[in-house]
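Hi,

Here is the structure I promised to pass on. My notes follow below it.

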Amino acid sequence: MDAGRNGVSEGAASAGTPPALTPDLCVIGAGTAGLAVATAAAAFGVSVVIVERDRMGGHAGGSAVMALAAAAARAQAVREARRFGVVTGEPQVNDAQLHDHVQRVLAAAAPNTSAQRMTALGAVVIAGEARFVSRSTVAVGAQTIKARRFVIATGARTVAPPIPGLETVPFLTDASLASATRRPERLIVLGGSATGVAVAQAMARLGSQVTLVESTSLLAGDDPEAVAILRRALLREGVVLHEQAQLLRAQSVRGGLRLAIAGLDGGAEHIIGGTHLLLATSRTPAIETLDLELAGVVSDAGGVRVDRQLRSTNRRVYAIGDCVSGSVGGVGGGPIAEEHARLVLRHALFRQRGRFDATAVPRVTQTQPELASLGLSEEQARAQAGAIRVLRWPYAESERAQAERETEGFVKLVTDAKGRVLGVTIVGARAGDLIATWALALKTGTSATAMAELMMPYPTLSDVSKRAATSFLMPLAAKPALRRLIGFLRRFG
Ligand SMILES: Cc1cc2nc3c(=O)[nH]c(=O)nc-3n(C[C@H](O)[C@H](O)[C@H](O)COP(=O)(O)OP(=O)(O)OC[C@H]3O[C@@H](n4cnc5c(N)ncnc54)[C@H](O)[C@@H]3O)c2cc1C
Ligand SMILES: NC(=O)c1ccc[n+]([C@@H]2O[C@H](COP(=O)([O-])OP(=O)(O)OC[C@H]3O[C@@H](n4cnc5c(N)ncnc54)[C@H](O)[C@@H]3O)[C@@H](O)[C@H]2O)c1
């Protein structure tokens with residue numbers, strides 16, 4: 001790519017039509033994925049045009065859930081303070097101040113993702129909706145962009161599932177929850193994956209009555225032992241759970257809504273009511289307005305189809321982040337979006353081939369206890385790796401966890417017979433932070449034995465990770481040959 005700056009016009013423009021921009025790179029969508037590509041490319045001196053139709057920084061769902069979960073954790077800490085001998089009353093939640101807190105969290109991130117910042121880096125930012133008009137040209141209103149390469153990073157959006165009556169019921173999404181100025185009195189959450197579970201717990205702790213409906217089981221992709229601990233916590237905190245439930249119909253009623261649900265096994269119909277409905281059901285790639293067929297870019301229901309280099313069927317068009325079809329990620333997530341961006345930069349700027357490694361993606365559910373996972377599950381490892389070892393260590397064995405009264409949870413490691421770490425699940429306090437060390441272990445091929453030899457800071461919860469790794473060595477201590485060796489060496493003083 002040539003390293004000229006942006007805004008180069010191509011030929012004479014007709015009256016009233018702005019001249020075409022001819023950057024090296026045109027990025028469509030300024031969310032996590034698009035900004036990661038655009039920022040790095042601009043820093044390398046590549047000419048970049050970014051098109052965003054809505055909010056610089058992409059959807060705010062993750063940040064809003066994070067802010068609500070943090071507020072909810074404080075409310076819960078007040079409720080549980082008695083366990084530490086600190087006597088308090090039931091926490092009072094002020095809706096206006098809660099709203100202000102969420103908005104501050106969103107505002108704090110805004111400067112990093114702003115159009116001003118991107119412009120300062122040398123990129124051109126265009127506000128508007130992009131669509132392809134040919135294999136090599138995108139239009140945003142009257143502005144055309146003929147780029148050497150395009151990156152589609154348009155994300156995904158929530159769509160209501162096709163349930164009779166649901167179209168008549170107003171619903172919240174993660175984004176509208178962020179701007180809500182009053183807490184829902186009785187909230188029904190549809191979808192029990194990472195978002196649904198985190199919102200359900202947060203809103204229950206903040207004083208809403210919460211019912212969660214999930215068509216399969218809670219966090220179906222996660223380790224069932226870990227999910228069981230989280231399920232218990234939700235039930236203890238008053239969240240009503242309906243798993244394996246199919247939604248039959250919805251109805252808008254005075255002051256809220258009613259849902260008719262039944263068990264997947266065809267069990268009896270059950271009516272649940274609420275003042276608000278939040279959709280945390282599966283999201284759909286936001287690609288329908290891009291006119292991809294005009295660019296020769298093939299997509300399916302999961303998103304844009306790409307090869308290992310994240311190139312679409314049009315070799316000058318890449319796709320990254322949540323709008324990509326499942327084959328190179330399966331699920332969305334911030335780390336995936338950033339990794340996609342890195343691979344595209346390597347390929348587009350340096351002609352280096354990379355490969356997306358789905359097993360290296362760390363995932364975390366923002367609940368208390370937190371649930372974090374990485375690599376192969378126990379079930380996947382058994383199927384793929386043959387002889388495996390499963391190592392566990394409970395939080396209850398950690399002094400720090402005892403002091404914090406955070407004894408619920410465990411670190412579970414799955415290794416091959418030689419101790420190579422294949423997968424990690426952590427459920428418990430700060431699981432998402434603890435798993436970062438394991439992400440490095442997986443990436444570098446560090447064994448459980450080497451992890452057991454790491455000095456961990458005391459007193460911290462990282463001790464639980466180390467103990468889980470150390471348990472790999474325990475069977476060695478009982479080996480007769482090793483005991484004989486110790487006895488033999490004893491003779492020498
Ligand atoms: C509620 C919620 C909580 C989440 N929590 C987490 C979490 O805890 N951890 C985690 O790792 N991941 C989380 N995720 C997932 C993570 O947020 C996404 O994977 C990530 O934001 C994807 O980034 P993206 O850039 O692909 O898409 P987005 O951030 O959605 O950005 C896409 C952008 O493209 C723009 N756009 C779309 N079409 C066009 C067009 N035609 N022209 C111009 N612009 C367009 C959109 O306006 C948007 O700004 C969460 C998601 C949700 C919904
Ligand atoms: N990497 C991370 O740490 C992280 C954290 C949160 C979210 N995310 C990602 O963000 C994206 C959104 O996550 P999410 O949790 O909002 O969505 P999701 O697609 O992961 O889960 C949606 C859930 O809704 C359920 N569902 C679908 N239709 C339903 C219906 N009619 N009735 C009841 N339940 C129904 C599904 O079975 C599923 O459990 C995902 O790609 C997810 O991987 C990632």
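**Nonpolar patch and aromatic pairs**

Helix 16 (residues 480-490) gives the nonpolar patch its largest share, 4 residues. Helices here are DSSP runs of H or I with at least four residues, strands are runs of E with at least two, and both are numbered from the N terminus.

Before you dig in: this is a predicted model, where local features need pLDDT of at least 70, side-chain atom pairs count only at pLDDT 80 or more, and totals for chains, interfaces and linings use all residues. Residues are numbered from 1 along each chain as its sequence is written, and side-chain values use heavy atoms, with hydrogens and water left out.

Back to the patch: Leu 476, Leu 482, Leu 485, Phe 488, Leu 489 and Phe 492 make about 570 Å² of nonpolar surface. (Patch residues have over 30% relative accessible area and no salt bridge, with nonpolar side chains joined within 5 Å; a salt bridge is a Lys or Arg side-chain nitrogen within 4 Å of an Asp or Glu carboxyl oxygen.) Leu 482 sits in helix 16 and counts as partly exposed at 37% relative accessibility. (Buried is under 20%, exposed over 50%, partly exposed in between, with a 1.4 Å probe and protein chains only.)

There are also 3 aromatic pairs (ring centres within 6.5 Å; planes under 30 degrees apart are stacked, over 60 edge-to-face, the rest tilted). One of them is Phe 44 with Phe 350, centres 5.4 Å apart and planes at 80°, so edge-to-face. These two are 306 residues apart in the chain. Phe 44 is exposed at 51%, while Phe 350 is partly exposed at 45%.

Phe 132 and Phe 150 are edge-to-face too, at 5.5 Å and 70°. They link strand 6 to strand 9, and both are buried.

Cheers

Notes:
Chains lettered and ligands numbered in written order. Phe/Tyr/Trp six-rings, centres within 6.5 Å; stacked < 30°, edge-to-face > 60°. Patch = residues over 30% accessible without salt bridge, like charges linked within 9 Å, V, L, I, M, F, W, Y side chains within 5 Å. Areas by Shrake-Rupley, 256 points an atom, 1.4 Å probe, with all protein chains shown as cover.
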